[in-house]
Amino acid sequence: MTDIINILRQHSFLVIALVKCGLLLFILLTVLAYLSLFERKVLAHIQSRWGPYRVGPHGLLQPLADGLKFLFKEDPMPAGVDRFVFLLAPFLSLALALTSLAVIPFGPQPLRFSILGTQYETSLGIVDLNIGLLVLFAITALGVYGVALAGWASNSKYPLLGGLRSSAQMMSYELALTMSVVGVILMAGSFNLREIVTAQEGRMFFGLLPRWNVIAGPFPQIIGFFCYFVAAIAETNRAPFDLPEAESELVAGFNTEYASFKFAMFFMGEYANMITVSCLATIMFFGGWTSPFPSAWSWTHFIPSALLAVLGVLLLIDGIRYETILGKLVLPGVGTALCALSALLLFFAPVNNYIQGPFWFLLKVFIFIFFYVWMRGTLPRFRYDQLMAIGWKILLPLSIANVLLTSLGILKWGLR
Amino acid sequence: MTPQLIVFFVLAALAVLGAVTLIAARHPIHSALALIVVMVALAGLYLLQGAEFVAAVQIIVYGGAIMVLFVFVIMLLNAGEEERTSLSRIARVAGIPLALALSGFLAAAVLRSSHAAAQAPVTAASTRGLSMLLFREFVFPFELTSFLILVAILGALVLAQREN
């Protein structure tokens, strides 16, 4: 027994990394499941519907039901498919999407804890790479194969067209995506995501505004952000750029022949890509975990607990009046738990200070994800020639102009 | 066996396996997939040498952009399985000795130059060192190369437009 503990202690770095991977994977898969419920709910309310309401109170158990359904459905293999590539495609899609989240840093301070009298320290986020941004782009570059190969291996017309569209679209927009972040790299002088965020700390305009790349000099990256966000939506195959799976033209596009859990893997991969892209937008243009308020305003530290308390009270009130008995039990329970969490943050200052960074980071990511869903609910799909024209004739020249202007700004006024 | 050496052998085996599959596979898509495996394994080898920027660019440019183009063209043309002809049989018979000879020459050259390579400056491998070399010392050949690529793009455009 003591031998095992000693071995674990010697390789504490590896053990901690593995535990972090497992934890992140667990949290991520839960978030992915609930993201589908979130999307359906928001879309429904945009279209004046209620959305999922039957499985659990407010449809809260719908992701669980969907997951079970995906697991137990029949998984047919169409005739004439390329078996190996057909199986490889969903695997590639999901694995690459999940891998890319490993380089994202979620907060500023390292987590310190002690087990059996030994002190350990680990950063929030799995790895901290010098070339974090490049690794992310490398993984995104490989992510195309999941969709393209799925379309090809299905040996069917609609998936093939979907796969072709997707590879053409991703090739076109990857250029704009990569060029749009060059301005940020120039301003930070590093590929390291942590350093990119650190370069955006501090205040301007008498301390009223944060020094986020999207508004701060030498050249505000507003054009870069616009190009990045549009290209990112196209890269993740989301509406209004979801031509690879346009229902009205291609049945379901590249995943027409996939069923059961293989279909779910594409689905989860898409959502994971959405999260990664939102995290990257937050880190590069909106200051990552830095708060939008001046640090002198100490009351802003209570925003997380205030938000939790409001949410908890709303759930309590709603839960008491809910129609079903399960809802009457579950919703007030969750509400009480949120209120308790809020009180905990209020009374334990160290915990409250520690979660400030992750709170602002996750809030910004959440806003971006809401934007994604909002756009899907309101914008019509682009035509294929329009899609190509936007990518090559608008986004690419704009992002190159952004690189030129940013370099000129840095030459003229220097960094800061 | 240091951990680095184990990783090196795994990556090298992967690269060789990918290269052999690339030649042996009958279907173009399988060959393209094998080539992607080779590219990614090579990127891993660069990373092992501390050349992180080159490794990332290897995956972004070769593994991503160029191979996506290959796969795209194969899908677009709907290329079928390749056929065995008498010429391809001759190529197989003649190819193996030639390949052996080529790897022999390469191995001899690498063995002879191993001392010189060990003294190469490590700073050139980092992103900063690489950009210093590229934009200060070799800026003229670098710009000339980009000009050459521009000319190639123009040539392709002219060829594509000629039919109209």
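In this predicted model, the contact between the two chains draws on 23 residues of chain A and 22 residues of chain B. The area buried between chain A and chain B comes to about 2000 Å², and carbon and sulfur atoms give 81% of that area. On the side of chain A, A:Tyr145, A:Trp152 and A:Met171 supply 30% of the area that this chain buries against chain B, more than any other three residues.

One of the salt bridges lies within chain A, where the side chains of A:Glu39 and A:Arg376 meet with an N to O distance of 2.9 Å. The pair links distant parts of the chain, for its two residues stand 337 residues apart. The helices that hold them are listed here.

| Residue | Helix of chain A | Helix span |
|---|---|---|
| A:Glu39 | H2 | residues 12–46 |
| A:Arg376 | H14 | residues 349–378 |

Elsewhere in chain A, helix H12 (residues 303–320) and helix H13 (residues 325–347) have axes that come within 7 Å and cross at roughly 160°. Because an angle over 145 degrees counts as roughly antiparallel, H12(A) and H13(A) are therefore roughly antiparallel to each other. The contact of H12(A) with H13(A) has, by class, 16 nonpolar, seven polar and two charged residues. The crossing in which H12(A) passes H13(A) is left-handed.

Terms used
Residues are numbered from 1 along each chain as its sequence is written. Chains are lettered from A and ligands numbered from 1 in the order in which they are written. This is a predicted model: local features need pLDDT of at least 70, side-chain atom pairs count only at pLDDT 80 or more; totals for chains, interfaces and linings use all residues. Side-chain values use heavy atoms; hydrogens and water are left out. Axes are lines fitted to C-alpha atoms, for helices over the stretch in contact, and angles run from 0 to 180 degrees between N-to-C directions. Helices (H or I, at least four residues) and strands (E, at least two) are DSSP runs, numbered from the N terminus. Angles under 35 degrees count as roughly parallel, over 145 as roughly antiparallel, 65 to 115 as roughly perpendicular and the rest as oblique. A crossing is left-handed if the near helix is turned anticlockwise from the far one by less than a right angle, and right-handed if clockwise. Ala, Val, Leu, Ile, Met, Phe, Trp, Tyr, Cys and Pro count as nonpolar, Asp, Glu, Lys and Arg as charged, and the others, Gly among them, as polar. Contact means heavy atoms within 4.5 Å. Buried area is the accessible area (1.4 Å probe) that two parts lose on being put together, summed over both. A salt bridge is a side-chain nitrogen of Lys or Arg within 4 Å of a carboxyl oxygen of Asp or Glu.
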